[in-house]
Amino acid sequence: MTVSHQYDIASDLVDRVAGLTPGSATHTLRHARDKVAAATQGSYEGLFDPALAGITLVERLLVALYASRLTPSAALAAHYRSELGKHDVDAAQLKAVEAGSPEDVTDARLRAILTFTKTLIENPVAGDKAALHKLPAAGLTTPAIVALAQLIAFLSYQTRLVAGLQALKQLAPQETTA
């Protein structure tokens, strides 16, 4: 996955979702190694690039919303819900994802994707060969399965990063900009 544009600190999703103010202690700490922040933003942009093949952007956003619900991360869930609002999304699918009920999704492919997402988030050890074999049976190609696994891994990282930054921010409630 390559990112073809420059990192813009002003559009950093993690900073925005975690509520970090430029110049605050937590923001300064996060950007002490700016290349990590840039790589995180680049991964986000790459994984949610509409041109990424194998899994539709709406499917990826539904996975992200569902993963944010499972972890839980209200801030990330709100972000992904907002992003879904920019697209034509089946209302029944969205309702099932928001309710945490992938079994209610009528589309077999999306149901398999969401079930695999739940498995990797709640019980990663169960993400074994048997779990993987359900994905091609639902119509996913090998590259799509790899992309899905990368997306779920990234979402786990993103959720933990946002939670950690929010916790640090809470420890310094009197944060002021420098």
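1. Of the protein chain's contacts with a separation of 6 or more, 67% join residues 24 or more positions apart. Contact here means heavy atoms within 4.5 Å.

2. Basis. This is a predicted model, where local features need pLDDT of at least 70, side-chain atom pairs count only at pLDDT 80 or more, and totals for chains, interfaces and linings use all residues. Residues are numbered from 1 along each chain as its sequence is written, and side-chain values use heavy atoms, with hydrogens and water left out.

3. Fold. The protein chain has 9 helices and 0 strands. Helices (H or I, at least four residues) and strands (E, at least two) are DSSP runs, numbered from the N terminus. The radius of gyration, taken over C-alpha atoms, is 17 Å, close to the 16 Å that the globule rule gives for 178 residues, so the chain is as compact as a globular protein of that length. That rule is 2.2 Å times the number of residues to the power 0.38.

4. Burial. Buried residues make up 41% of the 178. Buried means under 20% relative accessible area (1.4 Å probe, protein chains only).

5. Helix H5. This helix spans residues 74–84, and its buried residues are Leu76, Ala77, His79, Tyr80, Glu83 and Leu84. Seen down the axis of H5, they fall within an arc of 160°, so they line one face of the helix. The arc is that of the directions from the helix axis to the C-beta atoms. Their cover includes helices H1 (13–18) and H9 (142–171).

6. His79. This H5 residue has a relative accessible area of 10%. Beyond its neighbours within four places in sequence, His79 contacts Leu13, Arg16, Val17 and Tyr44.

Definitions and conventions: Buried < 20%, exposed > 50% of the residue type's maximum accessible area, 1.4 Å probe, protein only.
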